[in-house]
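Have the model open while you read.

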There are 2 protein chains.
Amino acid sequence: MPSSPVPSRPPGRASSPTAGRIRKRPEERREEIVDAAAAIALDAGMERITLRAVAERLGVRPGLITHYFPAAEDLVVEAFSRASASERELFFPADERTPIQRLAHFVDHMERGLSAPLARLWLNAQHLSRFVPALDAALQQQDALDRERLSGILADGIASGDFAEVDVETASQRILLAVDGTGSYINSSAELGAVRRGFVADVAEWTLGLEPGALRRALG
Amino acid sequence: MPSSPVPSRPPGRASSPTAGRIRKRPEERREEIVDAAAAIALDAGMERITLRAVAERLGVRPGLITHYFPAAEDLVVEAFSRASASERELFFPADERTPIQRLAHFVDHMERGLSAPLARLWLNAQHLSRFVPALDAALQQQDALDRERLSGILADGIASGDFAEVDVETASQRILLAVDGTGSYINSSAELGAVRRGFVADVAEWTLGLEPGALRRALG
DNA sequence: CAGTCCATTGGTCGTATGGCCAATAAGCCC
DNA sequence: GGGCTTATTGGCCATACGACCAATGGACTG
């Protein structure tokens with residue numbers, strides 16, 4: 001995710017103490033920092049976003065991170081939003097399939113565990129927002145975006161007659177509640193049973209008036 | 001929760017540097033420590049269980065906590081198990097009501113938000129178990145106990161004809177998945193809408209073949 | 001080419017953590 | 001009552017964190 005994996009250091013040895021100083025445009029550097037923090041959040045957890053960790057990943061001194069984010073907490077929040085937004089695209093492909101196929105893709109993506117990093121991040125943020133009000137706000141925002149996307153699919157499906165004429169807002173909230181319920185086990189080492197694996201699909205079919213198995217069959 | 005809130009210090013001023021040294025039976029002291037840690041976990045979060053915080057709550061020196069828990073992490077795990085187990089009793093009253101009433105009580109207890117501390121603790125543990133394998137194990141154990149309790153109610157209800165003849169294991173897992181989904185919003189400042197508030201009841205009624213509203217009516 | 005701005009560095013400070021250890025004293029046993 | 005076990009203390013250490021600041025030097029402007 002970081003736009004430049006490691007800043008190319010001029011001659012000298014790899015970690016030469018006299019390593020060259022690379023000056024970048026503020027916007028570019030800021031992007032780099034947020035990207036690095038988002039990457040850390042995804043694969044090590046948000047509490048691992050420290051000035052030192054981010055700086056090291058970028059081959060830069062910790063003070064520089066402080067320069068861009070005087071309050072480290074703000075970086076954490078921004079990193080979450082970025083990581084969350086970028087992962088969302090994997091869930092909701094912007095192609096032109098039918099509503100039921102798009103919903104099936106969404107459900108399937110999760111049953112296969114392809115969203116594990118995002119699920120972990122989500123759980124992480126849900127807990128951490130207990131201590132970081134700004135993160136709570138960012139979480140609500142990202143949640144609203146998800147609900148919006150899902151509601152769009154559901155509305156299309158109801159219009160096309162694929163789904164029963166249920167309240168879109170209720171249905172999307174229920175499905176996302178099922179997603180959260182399933183996701184809350186993401187860090188568990190227990191084997192994933194059929195009930196948990198199929199919960200989102202079951203809830204979706206129940207609340208949308210589909211016959212059991214309809215989503216799985218829609219994958220084609 | 002701590003059996004003795006603050007150890008009575010002999011004469012002298014409250015925080016006298018020459019405060020008396022109180023020697024307790026190891027088992028008793030150990031209980032005290034776990035209780036204090038559990039209390040901290042419930043109202044401040046498990047990451048706030050530190051040697052110093054626990055020691056201060058007991059009016060004792062941090063080194064004493066280390067004496068009983070050479071690895072602080074073990075205290076965290078034990079504190080979680082204790083807090084979780086003690087809160088469980090509030091959910092599953094051991095009285096002699098009908099299955100549907102017991103289930104209704106369980107659902108109602110949550111809709112009213114009476115289980116907020118436990119929900120927060122649960123979310124806390126679900127996230128933290130990512131980094132603490134022993135906590136993951138404890139979490140699975142507590143989860144199994146919950147499922148056992150709930151399954152007992154469901155089995156009774158099916159036997160009595162109150163619930164449809166569904167698979168008990170599937171039903172209890174689904175209901176607890178709904179609980180987890182709802183609980184994942186416990187730290188959100190967003191107002192709790194009707195959909196989220198009623199999700200557990202809706203899922204329970206759906207999966208147990210009850211008519212909508214049956215649980216709410218069973219409260220009497 | 002000289003001057004200015006500010007991105008970047010290197011270093012320091014205060015705080016908090018878990019862990020370790022020797023000294024102390026409380027209470028039990030003989 | 002004397003001695004022994006060990007619960008408890010007080011102190012120290014290494015580490016990691018966020019924050020702050022003066023000095024440096026890269027790049028742009030005139």
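H5(B) gives the largest share of the lining of the largest cavity, 4 residues; helices here are DSSP runs (H or I, at least four residues) and strands are E runs of at least two, numbered from the N terminus. Bear in mind that this is a predicted model, where local features need pLDDT of at least 70, side-chain atom pairs count only at pLDDT 80 or more, and totals for chains, interfaces and linings use all residues. Residues are numbered from 1 along each chain as its sequence is written, chains are lettered from A and ligands numbered from 1 in the order in which they are written, and side-chain values use heavy atoms, with hydrogens and water left out.

**The cavity**

- Rolling a probe the size of a water molecule over the atoms shows where empty space is left.
- A cavity here is a set of points, on a 1 Å grid over the protein atoms alone, where a 1.4 Å probe fits but cannot get out; lining residues have an atom within 4 Å of a point.
- The count comes to 1 cavity of 30 Å³ or more.
- The largest cavity holds about 60 Å³ of space, a volume being the space filled by probe spheres set on the points, with grid points joined across faces, edges and corners.
- Its lining is made up of B:Ala104, B:Val107, B:Asp108, B:Glu111, B:Ala201, B:Leu215, B:Arg216 and B:Leu219.
- Helix H5 (99-111) and helix H10 (214-217) of chain B each put at least two residues into that lining.
- By class, the lining has 5 nonpolar, no polar and 3 charged residues (nonpolar: Ala, Val, Leu, Ile, Met, Phe, Trp, Tyr, Cys and Pro; charged: Asp, Glu, Lys and Arg; polar: the others, Gly among them).

**DNA strand D**

- There are 22 residues around DNA strand D, and A:Arg21, A:Arg23, B:Lys24, B:Arg61 and B:His67 come nearest; a residue is near a strand if one of its heavy atoms lies within 4 Å of it.
- Sugar and phosphate make up 67% of the atoms of DNA strand D that come within 4 Å of the protein.
- Polar contacts are pairs of N or O atoms within 3.5 Å; within protein, one must be able to donate a hydrogen and the other to accept it, and residues adjacent in sequence count only if both atoms are side-chain atoms.
- A:Pro70 uses a polar backbone atom instead, 3.3 Å from a phosphate oxygen.
- H3(B) gives the most to this surface, with 4 residues.

**DNA strand C**

- Of the 22 residues around DNA strand C, A:Lys24, A:Arg61, A:His67, B:Arg21 and B:Arg23 come nearest.
- Sugar and phosphate account for 70% of the DNA strand C atoms within 4 Å of the protein.
- What does B:Arg23 reach with a polar side-chain atom? That atom lies 2.8 Å from a base nitrogen of DNA strand C.
- The surface near DNA strand C splits into 11 nonpolar, 3 polar and 8 charged residues.

Methods:
1 Å grid on protein atoms, 1.4 Å probe; cavity = no way out; pocket = protein on both sides within 12 Å on 5 of 7 lines; lining within 4 Å.
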